[in-house]
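Here is a briefing on a two-chain model. Look at the chains below, then read the notes by topic.

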Amino acid sequence: MIPLDRYPKEISLRDGARVTFRPMVREDAELLWDFFRQIPLEDKMYLREDVDSRDEVDRWARNLDYDTVLPILAFSDGRVVGDATLHRNRTGWKQRVGTVRILIAPDFRHRGLGTAMIRELRHLGEKASLHYLLAEVIEKQQAAVRAFEKLGFERAVVHRNFVNDQHGRLHNLVVLLYPMSLSEDEEFY
Amino acid sequence: MPLSRMTCPSCGAELSFHPPRTANGKIACPYDGLAYAELRAGHDRIYFGPWRKINAGPADVMRAYNQIGRHLAAIERAMGDKDLPAARHDLSKASEAYHSGDPRTDERDALRYMDHALSYAHRVIDDLLHEKGLPPHAPMYFAEWYDAVEVPFKDEW
């Protein structure tokens with residue numbers, strides 16, 4: 001269980017905007033739905049789930065399980081402007097690997113919010129005793145790739161022409177790994 | 001106009017160029033009042049230091065190496081017993097890079113390791129600022145106070 005007593009956490013962006021981070025709760029479904037409706041169609045193509053389905057968003061809100069998926073939402077003026085999730089496996093061969101996903105509202109991009117959310121997930125990953133964080137980013141999203149790299153994520157692999165957009169065009173997928181402090185205690189056999 | 005140099009009395013930063021003055025004629029320190037002013041100034045002093053210039057000599061490199069050592073010690077003091085495992089991890093990586101980059105023993109790779117140590121140290125400072133709810137430290141905003149020819153590419157996400 002990750003301690004969540006650091007929330008709500010208020011963050012200042014470089015331009016002075018104030019944003020509050022806190023874990024998603026069931027009552028956030030409506031605000032999260034509004035947030036997904038701001039996301040451009042092009043970006044939605046890169047998401048794993050169907051965020052155009054209100055039922056799907058409601059289902060997430062009803063079935064929140066922080067030990068499997070911990071969603072940290074960023075709020076500004078009463079609206080959701082960022083969604084960062086830490087996905088974990090309770091069992092199995094990837095139980096030491098956390099997958100991170102971050103989505104930022106268009107009007108909050110390039111303002112440092114994404115970087116702050118990566119920093120937050122890095123902290124949570126350490127508190128969860130994970131060994132690695134894994135992020136998958138479309139290579140053309142260079143600002144996102146750089147933000148992950150700046151915070152210590154390393155390019156593990158680039159899959160060429162691996163994913164497609166809504167027009168059927170293929171894109172390279174960058175897989176980034178962040179080795180956490182516990183990764184160095186790993187014993188190989 | 002000749003280049004001015006000063007050591008800020010409040011945070012110890014070695015500043016140069018044409019320092020602006022406050023209304024009462026005192027030289028204004030750009031770090032004054034900022035959280036972790038000592039760490040920011042300590043970072044920038046090294047970041048914009050002569051060791052990174054093309055004409056840097058062995059003495060510049062050695063001086064920077066010693067400055068990095070003191071900078072890491074200052075960061076460690078600021079960290080205290082704060083529950084920041086990611087920052088602590090970065091500080092250990094900074095320390096590792098610092099010890100690998102001693103110019104007296106490894107001249108060839110020293111600059112690379114020193115650069116890594118400073119980069120990890122910057123990340124720790126940013127983690128400390130994040131915990132206070134503040135944006136990361138951006139050295140480029142302080143570049144005019146140093147004898148900096150150029151500042152690195154800035155991009156945010």
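Helices (H or I, at least four residues) and strands (E, at least two) are DSSP runs, numbered from the N terminus. On that basis, chain B reads β-β-α-α-α-α along its sequence. The model is predicted: local features need pLDDT of at least 70, side-chain atom pairs count only at pLDDT 80 or more, and totals for chains, interfaces and linings use all residues. Residues are numbered from 1 along each chain as its sequence is written, chains are lettered from A in the order in which they are written, and side-chain values use heavy atoms, with hydrogens and water left out.

**Chain B**

- Chain B has four helices and two strands.
- Of the 157 residues in chain B, 47% are buried (under 20% relative accessible area; exposed is over 50%, partly exposed in between; 1.4 Å probe, protein chains only).
- Contact means heavy atoms within 4.5 Å. Among contacts in chain B with a separation of 6 or more, 61% join residues 24 or more positions apart.
- Helix α2 of chain B covers residues 58-79, 22 residues in total. From first C-alpha to last it reaches 32 Å, close to the 32 Å expected at 1.5 Å a residue. The expected span is 1.5 Å times one less than the number of residues.
- B:Gly80 follows α2(B) and has a positive phi, near 50 degrees.

**Helix α4 of chain A**

- The 15 residues of α4(A) should span 21 Å at 1.5 Å a residue, and the end C-alpha atoms are 21 Å apart, which agrees.
- α4(A) is mostly covered, with 14 of its 15 residues buried.
- A:Ser129 follows α4(A); its phi is positive, near 60 degrees.

**Chain A against chain B**

- The contact involves 38 residues of chain A and 22 residues of chain B.
- Together the chains bury about 2500 Å², 50% of it on carbon and sulfur atoms. Buried area is the accessible area (1.4 Å probe) that two parts lose on being put together, summed over both.
- A:Arg14, A:Arg119 and A:Arg122 supply 28% of the area that chain A buries against chain B, more than any other three residues.

**The α4(A)–α4(B) crossing**

- α4(A) (residues 113-127) and α4(B) (residues 110-131) have axes that come within 11 Å and cross at roughly 90 degrees. Axes are lines fitted to C-alpha atoms, for helices over the stretch in contact; angles run from 0 to 180 degrees between N-to-C directions.
- The two helices are therefore roughly perpendicular (65 to 115 degrees).
- A:Ala116, A:Arg119, A:Glu120 and A:Arg122 meet B:Arg123, B:Asp126, B:Asp127 and B:His130.

Notes:
Angles under 35 degrees count as roughly parallel, over 145 as roughly antiparallel, 65 to 115 as roughly perpendicular and the rest as oblique.
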